[in-house]
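Hello,

Here is the structure I promised to pass on to you. Have a look at it first, and then read my notes on its aromatic rings below.

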Amino acid sequence: MFFLNKIRRRDFNSAQSAPKLLIVGLGNPGTRYENTRHNCGFMAVDTLAEQEGFKLKKLKFKSLTALETIDGMKCFIMKPTTFMNRSGEAVAAAMEFYKIKTENLIVVFDDYSLPLGTVKIRRSGSDGGHNGIKSIILETGSDAFPRAKIGIDRPSHPGFPLKDWVLSPFKKDEGGTLEASLESAVCAVRLMIKHGVDRAMNDFNGKT
């Protein structure tokens, strides 16, 4: 009986400590990509970590991760180290391990169709040409996950290759706008955590 009770307590404690939400920032690993437009998802998650006083340093599911309580909700936060076009491998592994449904996955990433300084929240949708989102949809089999999109602008020159643009660094004079965007993205994530996607969309979309 003691042994059974011990197992039950362990199962209960495990259930209590399991995350309810998975928060993923998308980007590419390595110093080469640190300040590039494609790494806005990483930057936003780092901003959240700085605000909350934790670091993403545990390597798990091919990601830098942290398990934290944010605004009363147990969250598993991750930055995949698989490179952008294989992000879904890391995300799917974490979702399977923690039994997290797609509606409880929040992905933060860059969007070249939005002006710099703009953040948009969506409940679901196509990949929009973003390789990280494409990989997540492929590996999870669903596009029904909430997301916060951070605008990075389009190239000012029509002949500038889009691939080169998203991998280019932010300019010095864009620093202030970028910082404000990251703060806004964190605010958007907090709204989704605390009040749900509908409230976040109603309160946030349309703001710059």
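Trp 165 is buried, with a relative accessible area of 8%; buried means under 20%, exposed over 50% and partly exposed in between, using a 1.4 Å probe and protein chains only. This is a predicted model, where local features need pLDDT of at least 70, side-chain atom pairs count only at pLDDT 80 or more, and totals for chains, interfaces and linings use all residues. Residues are numbered from 1 along each chain as its sequence is written, and side-chain values use heavy atoms, leaving out hydrogens and water.

Rings of Phe, Tyr and Trp (its six-membered ring) pair if their centres lie within 6.5 Å; planes under 30 degrees apart are stacked, over 60 edge-to-face, and the rest tilted. By this rule there are seven aromatic pairs. One of them joins Phe 76 and Tyr 98, which are tilted at 50° with centres 5.0 Å apart. Phe 76 belongs to strand 4 (residues 73-80) and Tyr 98 to helix 3 (residues 87-98), so this pair ties together parts 22 residues apart in sequence. Helices (H or I, at least four residues) and strands (E, at least two) are DSSP runs numbered from the N terminus. Both Phe 76 and Tyr 98 are buried.

Trp 165 pairs with Phe 160: their centres are 5.8 Å apart and their planes at 85°, so the pair is edge-to-face. Phe 160 is partly exposed, at 36% relative accessibility.

Happy exploring!
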